[in-house]
Amino acid sequence: MPRHLFHPSLYDFDTAQPSYWEATAAETQLKNVVLSGTQSCDVAIIGGGYTGLSAALHLARDFNVDARVLEAGHFGWGASGRNGGFCTIGGTKLSLKSQFSKFGIEQTRHYYQCQADAVNLVSNLGNDENIDYRRQGDQEFVVADSPAHMQSLIQEAEIQRTKLGMDVGVHSQDEFREIGYSSPHQHGAISVRPSFALHPLRYAEGLAEAAERRGAHLHPHSEVIAWRKEGNTHILSTKQGELRARQVILTGNGFMPEHLHHGVKKRPLPLQSAIVVTRPITDDELAAQGWHTENPTINSSQMFFYYRLLSDKRLMLGGRGNHIGDPAGAEKTWAGLKQSIGQMWPEFKHIEFTHEWRGLVNFSMTLRPSIGKMPEDQSVYFAYGYHGNGVNFASWSGRELAKWLAGKESDNNHLPMHLPAILRGRPPKFPLAFLRRQYLRAGITFYKLRDLLDW
Ligand SMILES: Cc1cc2nc3c(=O)[nH]c(=O)nc-3n(C[C@H](O)[C@H](O)[C@H](O)COP(=O)(O)OP(=O)(O)OC[C@H]3O[C@@H](n4cnc5c(N)ncnc54)[C@H](O)[C@@H]3O)c2cc1C
């Protein structure tokens, strides 16, 4: 029985992605101590992405808790070091209508306020912890792919403004040509604040350095390969050592090590996201395409493209990968993304590409993020399922786990009742969970069809 859901090439913890972010990373000040021998701490954290690092930083800095992070690769090896760098509002794929009917307007509003708070948290962490993550832009654009999509975006913006108190602007096609770009796939846009873009790996490394500086112990290249419990003590084994702890925070999101704990088995739905980056585009080329923005941008098609101009004027574009995760499939995905650039911006049709890479995001049955403690063992905390939007929300979830665990939001419930209802508790198991990749395949086909029919 394979340990992971996707092709093994996606779980090579010893190899960094050939990403633009790795090529432009900062020199790290981390101590880089692999776990060895028997160590102990109050809180062991599995996974060194934004969730685990933010939890460690806040536990050590704000609550003086003795925390250690075990990461299988280098810090930021997972999605946190290879994402698109959109620090924006999102995190759920439930429609607003479903959120209102399941949770009510007040709880939905609370959730979106937390999302905005999460963007501000990343902003403050950059300032407070002196993290140079190359901030760009001050809002996110959602661009209508067709006139019908623009009508839907206008309706949605009105609800977001009036019912959720969000800061959303509407821009006609002509207006967006002035502040955004020209394209046959541009039929107007909405803008959402607070939002900005950053260098994701520099942010992850900065979080790790801050956590270490504030007293947390960080262990890269220390994959947890077994987890057992003796009395009230958790014992996490790696190749070279053993960590004993009273409490554990389990993270992993799209790379969740499901085999380690039965409480997380069969619940995550990892999904591939892939990115391509061009060579720097000259000012003349940008002017010819009518390109004016460095704000992070998505387009409204169902198959979902996200893109931004990087600080050295390269264009980055990302989209969804296939349901297998094999290297040959990745080549096809990258080729498709490159072709899309030519379709969306004809002036860039023949531009050369310098980087391409991929990774895993995480969906769940409930289509919303999850924060909680395992109902079977309340000394195990978790947060995952950010639905492709974890730069802000994984950072926020890590902080919220730290507060909850340190007793500042204490209760004896396995659900975080002080947080919005939308993200409380564990998602259910997928029925016939071995078919999860086939469910994805069906979903991808369905959404491609909707794009084709503009439905
Ligand atoms: C290509 C791509 C583009 C994306 N773009 C955006 C974007 O623009 N904006 C946005 O908000 N979100 C984006 N996301 C999603 C975002 O990156 C994630 O939601 C977020 O990084 C999740 O953080 P995390 O710490 O929970 O998980 P991760 O960063 O994935 O970290 C999990 C870590 O767990 C480690 N691990 C796994 N098993 C073990 C084990 N047994 N022992 C020890 N460690 C283990 C892994 O090595 C990994 O480093 C994107 C994701 C991808 C892949």
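Of the 455 residues of the chain, 50% count as buried, where buried means 20 or more other C-beta atoms within 10 Å of a residue's own, exposed means 12 or fewer, partly exposed lies in between, and C-beta atoms are placed from the backbone. This is a predicted model, in which local features need pLDDT of at least 70, side-chain atom pairs count only at pLDDT 80 or more, and totals for chains, interfaces and linings use all residues. Residues are numbered from 1 along each chain as its sequence is written.

The chain has ten helices and 18 strands, taken as DSSP runs (helices H or I, at least four residues; strands E, at least two) numbered from the N terminus. The C-alpha atoms fill a box of roughly 65 × 45 × 45 Å along the principal axes.

Let me turn to helix 4. The buried residues of helix 4 are His-149, Met-150, Leu-153 and Leu-164. They cover an arc of only 110° around the axis, so they lie on the same side of helix 4; the arc is that of the directions from the helix axis to the C-beta atoms. The face turned away from that buried side carries exposed residues, namely Pro-147, Ser-152, Gln-155, Glu-158 and Thr-162. After helix 4 comes Gly-165, with a positive phi near 70°.

Gly-407 follows helix 9, and its phi is positive, near 90°.
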